[in-house]
Amino acid sequence: MSNAAALFKALADDTRLYMLALIRQHRELCVCELESVLGITQSKASRHLRYLLNAGLVMDRREAVWMYYRIAEHLTAAQTAILDNAQLLLDSETLRDLNRKLASRRRLLEGCCVPQEKATVAGMEKAS
């Protein structure tokens, strides 16, 4: 498969497009954040992220048991142009709703990927 075909195949799904948009807006997201916000299972999130990774659009990193994804550092001019314009095709109301869900999730420190020091501070605040 050509690089162009892999790129367009990676972009040929609404879930992957919303993942890319969220990752671009928030610089880096944990898989569990994407699962929660998009309402999908871990296996489905991982499968979609693998498409994006194989197309060279995102990079991953492991921190303990959690996987984090960010936009790849060395995108081609074509990849950058396509990503810039792909976001224009997304439903802005849906994207706003997803961002609200993510902000709410982060405020509540819900989920598995909360850094330990933040979880400890939040636990002490609730105990007070």
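1. Helices (H or I, at least four residues) and strands (E, at least two) are taken here as DSSP runs, numbered from the N terminus. On that basis the chain has seven helices and three strands, in the order α-α-β-α-α-β-β-α-α-α from the N terminus on.

2. This is a predicted model, in which local features need pLDDT of at least 70, side-chain atom pairs count only at pLDDT 80 or more, and totals for chains, interfaces and linings use all residues. Residues are numbered from 1 along each chain as its sequence is written, and side-chain values use heavy atoms, with hydrogens and water left out.

3. Of the chain's 128 residues, 35% are buried (under 20% relative accessible area, with a 1.4 Å probe and protein chains only). Contacts are heavy atoms within 4.5 Å; among those between residues at least 6 apart in sequence, 60% join residues at least 24 apart.

4. Helix α3, residues 31–38, is mostly covered, with six of its eight residues buried. These are Val 31, Cys 32, Glu 33, Leu 34, Glu 35 and Val 37. They pack against α2 (14–26), β1 (29–30), α4 (42–54), β3 (66–71) and α6 (92–107). After α3 comes Gly 39, with a positive phi near 70 degrees.

5. Two arginines lie over tyrosine rings, a charge counting as over a ring if NZ of Lys or CZ of Arg is within 6 Å of the ring centre and within 35 degrees of the ring normal. The charged end of Arg 16 is 4.1 Å from the ring centre of Tyr 51, and Arg 61 is over the face of Tyr 68, at 4.5 Å from the ring centre.

Methods: Buried < 20%, exposed > 50% of the residue type's maximum accessible area, 1.4 Å probe, protein only.
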